[in-house]
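Visitor: I should like to understand the reasoning behind the terms applied to this model. Please set each value against its definition.

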Amino acid sequence: MIYEAREGQKLSDHITNVAGLASSFGRAIDCERTAHIAGLLHDLGKYTMAFQDYLKRSLRGETVTRGEVIHALQGAKFAAEKIKDPVIADIIGNIIATHHGGLFDCISDGERTLSIKTDKDEDVLHYAEAVKAFSPAVDEKGLENEIFAFCQKSQDKQLNLPFMLHLLTKSIYSCVVDADRCDSAMMSVNDAIPDWAQLTQLLENHLASFSDEKAIDKTRKRISEQCQQAANQQQGAFTLSVPTGGGKTLSGLRFALEHAKRHSLRRIIYVIPYLSILDQTAAKMHEIFTDDNGDLILEHHSNIELPESDDDAEEHRLLTSRWDSPIILTTMVQFLETIYSNKASRLRKFHNMSEAVLIFDEIQALPIKCVHLFNDAINFLKTFGKSTILLCTATQPHLNKTERPVLLSDKPDVVSITPQESEIFERVRIENKTQPAMDHEQIAALANRQIEQGKSTLVILNTKSDARNVYEHCKSMECEKAFLTTDLCPAHRLSILARLRENLHPKTKRLTLCISTQLIEAGVDVSFDCVIRAEAGMDSIIQAAGRCNRNKENSVPQVVFVVDVQGENLSHLPEIKDGKAVTARVLHEKRGQDLLSDEVISQFYKYYFYEQKDKMDYRIKGDKATVYSLLSNNALDTVTYRDRNKETYKGLPCAFRTAAQAFSVIDGGQTGIVVPYGNAMQLVGEFQRCHDPREKMRILHRLQQYSVSVYPYILKKLEPALCVVDATFYLLSPDYYDPEKLGLLLEPKFSFHCV
């Protein structure tokens with residue numbers, strides 16, 4: 001009998017292809033045998049008459065229910081029977097059983113989940129029938145050698161072994177899921193190393209156009225050259241600590257390109273905390289590199305969730321990014337929520353983070369609750385994924401000094417800044433005006449005094465509501481005005497930032513006031529004459545200071561005012577609240593000293609990290625557990641198992657599903673909605689008319705520029721103003737978006753009528 005995987009493809013061909021492809025993906029983490037056997041067994045359950053009949057009925061157009069015939073548990077059951085080591089059996093069994101859904105918790109109600117899932121009657125699984133038709137040899141010794149070598153390396157590096165095994169499981173899962181989707185879609189996988197030499201030359205041509213007349217330009221050039229030289233080092237984890245305005249983005253890119261070329265790496269992944277910086281970085285990349293076909297650079301930052309599809313998954317396969325482009329631009333949210341998800345659709349791209357240069361820009365913005373999860377993800381990618389890490393910031397946090405530290409290279413700093421060069425970057429002075437606290441009108445008045453002196457001024461507030469209220473008090477001022485928050489879609493923000501840069505440029509200068517939330521303070525290339533910053537962490541204040549006199553247009557240091565906002569509500573922004581409290585302590589202790597010195601920022605992080613150390617494992621369940629513990633020794637479930645079975649659990653204890661459900665980089669999670677700005681409505685129309693999945697993907701990527709992310713309670717308020725387009729994304733009514741100034745509105749501009 002000929003068994004089929006789907007129309008036009010033999011099952012034997014499919015499983016052979018998937019096993020081979022998964023093995024080639026797994027080579028990056030030295031687990032090709034484990035990935036191969038998981039790929040070989042993933043569709044064992046399709047070797048049954050029940051599944052073949054289901055497939056034929058589906059192809060004839062008869063009504064069938066997805067999942068009515070189980071086909072994933074048979075391979076998991078076979079692996080559990082053939083593999084004696086319970087840890088390896090849990091790893092492979094979980095991967096196979098869930099390759100169309102999401103990894104499960106290894107222990108459920110005190111029992112081994114794999115056993116519960118596979119303990120089904122013959123008339124449900126048709127297991128004996130499947131094994132009779134296909135019963136491949138399992139090289140148990142080869143599997144043990146791979147996993148034991150992994151364990152030995154973890155112990156040598158003093159890494160948390162259960163946690164590393166959880167990441168290994170996800171990485172192999174990623175290999176199998178991606179191999180299955182690619183083969184099912186008949187997608188060819190391009191294993192070629194990108195032409196880094198050509199891209200390096202394009203960057204060198206761009207850098208050659210820069211002036212080096214000023215001292216600050218010369219210093220930026222030397223920083224860039226140090227990065228180029230440091231790229232010749234062996235792979236590892238490095239830091240790029242450069243003062244604000246030091247040319248960090250292009251210097252980091254220069255390091256990445258040279259390093260990728262030297263070590264034949266497959267991609268460069270930029271991870272950026274704020275969309276405003278991602279927008280700016282993407283624009284710079286497209287300026288430097290020609291990417292007419294969109295094959296070189298992938299921007300992945302949207303919260304638009306693509307529709308899930310499990311089996312005949314052409315839309316799923318083509319609309320879900322594999323992260324296989326040479327250059328990826330993404331957010332910290334996407335990065336962490338990929339790794340700490342349990343879903344096949346998200347984890348599919350995890351293996352493509354191996355053999356890469358990962359650049360983390362503005363790393364000081366990493367949420368405190370995610371520190372240990374981030375650190376060990378980085379340790380995994382560096383130690384086992386053959387990736388190089390570059391942590392970039394003007395204010396380097398002490399990630400290598402936490403309880404679960406990042407394992408930096410022996411000589412981690414890729415640049416050194418001399419005292420003379422540091423003086424060149426002394427462009428501002430901090431003035432503490434936190435006593436007494438100021439209300440919105442007083443902050444507006446302080447800004448107005450700077451405007452009256454002819455100083456273009458930036459005001460940065462911690463909350464959207466404070467920003468809007470201060471902006472309202474500034475409307476009568478005689479100057480150009482701009483307003484920036486995340487209530488504006490990326491295209492809208494880019495337009496405003498372009499206008500700001502023109503207004504602030506020496507040749508086209510116009511007196512300008514900008515009221516913004518913190519999205520502008522890190523990495524955004526603008527230069528004001530004065531900055532007013534609501535009190536927050538010292539790292540935020542120093543980043544904000546980087547938007548003042550950025551290019552040393554004025555030889556005299558310009559002032560950055562730090563103010564306390566009267567009645568400020570930070571209940572939903574606990575990290576800003578905690579950082580603000582530590583800053584108040586540092587400002588008191590360091591009165592009269594240079595508040596921009598390395599000593600001050602080091603003291604801030606010493607206090608801040610010490611006070612927050614108990615939060616770094618991501619606490620959940622009323623502080624009885626952490627996401628980190630669930631993915632490590634999982635004490636709660638292992639105790640339940642021991643009490644029930646009177647023995648210790650010997651398999652992998654990780655609670656993949658529970659941890660994933662509890663984890664969110666942004667508390668409460670956010671949903672992306674498309675707003676009617678610019679070309680958005682034209683693209684929505686094209687999406688609705690289009691039937692080619694690949695083209696739909698391209699349109700969705702373009703729609704990212706016109707999306708705003710909102711919390712669930714805001715989504716609920718906006719329900720009357722939302723419609724769902726092709727069961728794929730939300731679209732906002734034009735009455736609820738101000739394209740001139742404020743962006744997203746919670747009340748309509750005009751009376752809203754349902755059409």
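Guide: Contact means heavy atoms within 4.5 Å. By that criterion Ser224 touches Leu207, Ser251 and Arg254, with residues up to four places away in sequence not counted. The model is a predicted one.

Visitor: Why is Ser224 called buried?

Guide: Buried means under 20% relative accessible area. Ser224 has a relative accessible area of 6%, and therefore counts as buried. Ser224 lies in helix H12, residues 215–230.

Visitor: What makes Lys717 exposed?

Guide: The term exposed requires over 50% relative accessible area. Lys717 has 52%, so the residue is exposed. Lys717 is found in helix H31, residues 712–717. The C-alpha atoms of Lys717 and Glu589 are 45 Å apart in space, and the two residues are 128 apart in sequence.

Visitor: How do you know that the protein is as compact as a globular protein of its length?

Guide: The protein has 31 helices and 24 strands. Its radius of gyration is 27 Å, and the globule rule gives 27 Å for 755 residues, so the protein is as compact as a globular protein of that length. Along the principal axes, the C-alpha trace spans about 85 × 65 × 55 Å.

Visitor: What percentage of the residues is buried, and what share of the contacts joins residues at least 24 apart?

Guide: Buried residues make up 59% of the 755 residues. Among contacts between residues at least 6 apart in sequence, 78% join residues at least 24 apart.

Visitor: What is the accessible surface of the protein, and how are the charged side chains placed?

Guide: The accessible surface comes to about 31,400 Å², of which 47% belongs to carbon and sulfur atoms. There are 89 positive and 102 negative side chains, and the centres of the two sets lie 2 Å apart.

Visitor: How do you know that the span of helix H22 agrees with its number of residues?

Guide: Helix H22 covers residues 490–504, and at 1.5 Å a residue its 15 residues should span 21 Å. The end C-alpha atoms are 21 Å apart, which agrees. The buried residues of H22 include Ile496, Leu497, Leu500 and Leu504. The buried residues of H22 pack against several elements, among them helix H14 (275–288), strand E13 (480–484) and strand E14 (512–516).

Visitor: Why is helix H4 called largely enclosed?

Guide: Of the 10 residues of helix H4 (residues 73–82), 7 are buried, so the helix is largely enclosed by the rest of the structure. These buried residues are Leu73, Gln74, Gly75, Ala76, Lys77, Phe78 and Ala79. Their cover includes helix H2 (32–41), helix H5 (86–97), helix H6 (113–118), helix H7 (122–125) and helix H8 (127–133).

Visitor: Why does Asp178 count as buried?

Guide: The cut-off is under 20%, and Asp178 has 0% relative accessibility, so the residue counts as buried. Asp178 is placed in helix H10, residues 161–184. Beyond residues up to four places away in sequence, Asp178 touches Phe25, Arg322, Arg348, His351 and Asn352.

Visitor: What makes Val684 a buried residue?

Guide: Val684 has a relative accessible area of 4%, which is under 20%, so the residue is buried. Val684 is in helix H29, residues 680–689. Leaving aside neighbours within four places in sequence, Val684 is in contact with Val674, Leu703, Val725, Phe729 and Leu731. The C-alpha atoms of Val684 and Glu299 are separated by 19 Å, although these residues are 385 apart along the chain.

Visitor: Which peptide bond is cis?

Guide: The bond from Gln435 to Pro436 is cis, with omega near -5 degrees. Pro436 is in strand E11, residues 428–438.

Note on methods. Residues numbered from 1 in each chain as written. Predicted model: local features only at pLDDT ≥ 70, side-chain atom pairs only at ≥ 80, totals over all residues. Heavy atoms only, no water. Helix = DSSP H or I, 4+ residues; strand = E, 2+ residues; numbered from the N terminus. Rg over C-alpha atoms; globule rule 2.2 N^0.38 Å. Buried < 20%, exposed > 50% of the residue type's maximum accessible area, 1.4 Å probe, protein only. Areas by Shrake-Rupley, 256 points an atom, 1.4 Å probe, with all protein chains shown as cover. Lys, Arg positive; Asp, Glu negative; His and termini not counted. Charge placed at Lys NZ, Arg CZ, Asp CG, Glu CD. Expected span 1.5 Å × (residues − 1).
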